[in-house]
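I am new to it.

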Amino acid sequence: MKNLLTLLSVGLLVLATSCSPSSKYKAELSEIDSCMTVLTDIQEMYDGIEFDSLQMMVDHVLANEADIQEYYHPDTVSLEIGTRMNECKGIRKSLKDLEVKRTKYADEIAELTKQFSDLKDDIENGRLAEEKVKEYLATEKDDLNVLNQTVSDFYTLQDRQKLYYYSATPIIDSLIAKLKSEAQPA
């Protein structure tokens with residue numbers, strides 16, 4: 001009788017374990033873990049964006065554009081100056097609203113981290129029906145893909161714009177210094 005009771009207990013334990021939400025949704029929970037890893041990668045990419053430095057670059061370009069307008073009045077613009085000014089204009093235009101991007105990306109990363117964590121907890125504790133698990137997971141994965149693409153694109157953009165900045169602004173700064181010295185009365 002004791003062996004039968006032990007066997008029955010073990011059988012119930014195995015049955016309960018095999019029917020647990022963690023077992024039933026093993027694949028979905030694994031997907032959530034993978035998504036959390038992607039979020040960690042996005043966070044690291046975001047942390048590598050120097051928003052303050054980018055803003056200083058934009059401010060520098062704006063100041064240079066104002067100085068060029070004030071001091072540079074030739075009939076034609078040299079190819080070198082025109083090219084460099086276009087690069088600077090691209091920096092200013094493509095890196096606008098930096099504080100909005102900084103806040104938006106940080107908020108979206110935090111929100112998705114919480115949503116995946118909550119979804120995982122809900123699944124592990126059996127709070128969701130199967131169709132809701134699939135629906136919510138699909139929605140969160142779509143949101144993750146959009147965020148990943150957006151942050152990756154911006155990371156690449158700001159990296160490229162830094163190269164333009166470091167190649168163009170020394171030339172423009174030198175021209176402005178020369179123009180200002182020529183504008184000074186002798």
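Cys 88 has a relative accessibility of 2% and therefore counts as buried. The model here is a predicted one. Cys 35 has a relative accessibility of 8%, so Cys 35 counts as buried too. The cut-off behind both calls is 20%, because buried means under that value.

Next, turn to Glu 28. Glu 28 sits in helix α3, which covers residues 26-47. Is Glu 28 buried or exposed? Its relative accessibility is 11%, so Glu 28 counts as buried. What does Glu 28 touch, leaving aside residues up to four places away in sequence? The partners are Val 133, Lys 134 and Leu 137. With Lys 134 there is also a polar contact: the two side chains are joined at 2.9 Å.

Now look at two other helices. Helix α4 spans residues 51-71, and helix α6 spans residues 98-124. They pack with their axes 10 Å apart, at an angle of about 165°. That angle makes α4 roughly antiparallel to α6, because angles over 145 degrees count that way. The crossing of α4 and α6 is right-handed.

Which residues meet where α4 packs on α6? From α4 come Phe 51, Asp 52, Leu 54, Gln 55 and Val 58. From α6 come Leu 98, Lys 101, Arg 102 and Tyr 105.

Note on methods
Residues are numbered from 1 along each chain as its sequence is written. This is a predicted model: local features need pLDDT of at least 70, side-chain atom pairs count only at pLDDT 80 or more; totals for chains, interfaces and linings use all residues. Side-chain values use heavy atoms; hydrogens and water are left out. Helices (H or I, at least four residues) and strands (E, at least two) are DSSP runs, numbered from the N terminus. Buried means under 20% relative accessible area, exposed over 50%, partly exposed in between (1.4 Å probe, protein chains only). A polar contact is a pair of N or O atoms within 3.5 Å; within protein, one must be able to donate a hydrogen and the other to accept it, and residues adjacent in sequence count only if both atoms are side-chain atoms. Contact means heavy atoms within 4.5 Å. Axes are lines fitted to C-alpha atoms, for helices over the stretch in contact, and angles run from 0 to 180 degrees between N-to-C directions. Angles under 35 degrees count as roughly parallel, over 145 as roughly antiparallel, 65 to 115 as roughly perpendicular and the rest as oblique. A crossing is left-handed if the near helix is turned anticlockwise from the far one by less than a right angle, and right-handed if clockwise.
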